[in-house]
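Hello,

Here is the structure I promised to pass on. Please have a look, then read my notes below.

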Amino acid sequence: MDQLDTEALVSVCCITYNQEKYIAQAMEGFVMQKTSFKYEIIIGEDCSTDRTREIVEDYARRHPQLVILITSPENVGPVHNVVRILKKARGKYIAFCDGDDYWTDPNKLQKQVDFLQNNSQYVMCAHYMRQIEFDGQISYLDPKPVRLEYSYNKLIVNKQQQTPTASMLVERKYVEELYSSDWYPMCHAGDKFVKLFATFRSGKKIYVIPEVMSCYRRHSGGIWSMTHSNVLKERQFSDFSIIIRKFKHNSLQKMILLRFYMKRYMSFEIKTYSLSSALQTIRTIL
């Protein structure tokens, strides 16, 4: 369709830094989308030291009606990078994809928008993904995708399978509210908090389309892929602490969180910090 005369319904948001090997594949996944609505592609290029900016600039020149490139003379970091590109977004919906992942279905956005506009009880639509290694070899692919859905109560105990960043389409207003909070910069798993905040604020659920429409790349440059287990546990516990302090929970949710804490983090907190610290966490939950 003619992308020039109407407002964008979807804003594709992508941050990238030193991803010259992968960014072109991500960009191809964006520009190949076939939609009945206008969409825009906003790229936050964070002062890469390789050819990443050059590659994105080439796509911006070839697709000026689609691509908006956000840059700066110095590196701002991933959190500020994603916040600044959201400020440029105009769409009702936000679709995310990091610069080292990519989409594989040209009808991905159309399918997700159609679902959300016809199912008002959902605030986000995701889909299955294929996990690949740095050399392109498939390391994970669900052989039998099925429909999935997640409420806030499921997300707080980390039930979020098949909802990776590159699969997410969500209403922009909830992302804007989250990113404007003073505690968001402290979050490690930013995509998880988008899911949590959107379901918490809306009271709606996430739906997962049982189709593989993106690839998640596991490699040494990924933020989570190769993180040491102890550091990963500390980051996950830090995010859990934000959940229990910044979100208001009813009695049922408090019990769910307490059981999850005792199973997943209590021994870790006692061993890493102290028993008194663990007791304080339990008081915070309750």
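Glu7 and Arg90 form a salt bridge, with their closest N and O atoms 3.8 Å apart. This pair links distant parts of the chain. Glu7 sits in the segment before β1, and Arg90 in the loop between α3 (78–88) and β4, 83 residues apart. Glu7 is exposed, because its relative accessibility is 57%. Arg90 is partly exposed, at 39%. Glu40 joins Glu7 and Arg90 in a network of salt bridges. Bear in mind that the model is predicted.

The search of the whole structure found 13 salt bridges. Arg172 pairs with Glu176, closest N and O atoms 3.2 Å apart. Glu177 and Arg201 meet at 2.9 Å, N to O.

Now the strands. β4 (residues 93–96) pairs with β1 (residues 10–16) in the parallel sense, over four bridges. Ser11 stands opposite Ile94. β4 also runs antiparallel to β9, joined by three bridges. There, Ala95 has Leu169 as its bridge partner. Tyr93 and Ala95 point one way from β4, Ile94 and Phe96 the other way, and all are buried.

Last, the surface. Lys154, Lys159, Lys263 and Arg264 form a positive patch. Lys159 is in the loop between α5 (152–155) and β9 (169–171). Lys159 counts as partly exposed, because its relative accessibility is 44%.

Best wishes

Key. Residues are numbered from 1 along each chain as its sequence is written. This is a predicted model: local features need pLDDT of at least 70, side-chain atom pairs count only at pLDDT 80 or more; totals for chains, interfaces and linings use all residues. Side-chain values use heavy atoms; hydrogens and water are left out. Patches are made of residues with over 30% relative accessible area and no salt bridge: like charges are joined within 9 Å, nonpolar side chains (Val, Leu, Ile, Met, Phe, Trp, Tyr) within 5 Å. Accessible areas come from the Shrake-Rupley method with a 1.4 Å probe; for residues, only the protein chains shown count as cover. A salt bridge is a side-chain nitrogen of Lys or Arg within 4 Å of a carboxyl oxygen of Asp or Glu. Lys and Arg count as positive and Asp and Glu as negative; His and the chain ends are not counted. The place of a charge is taken as NZ of Lys, CZ of Arg, CG of Asp or CD of Glu. Helices (H or I, at least four residues) and strands (E, at least two) are DSSP runs, numbered from the N terminus. Buried means under 20% relative accessible area, exposed over 50%, partly exposed in between (1.4 Å probe, protein chains only). Two strands pair if DSSP finds at least two bridges between them.
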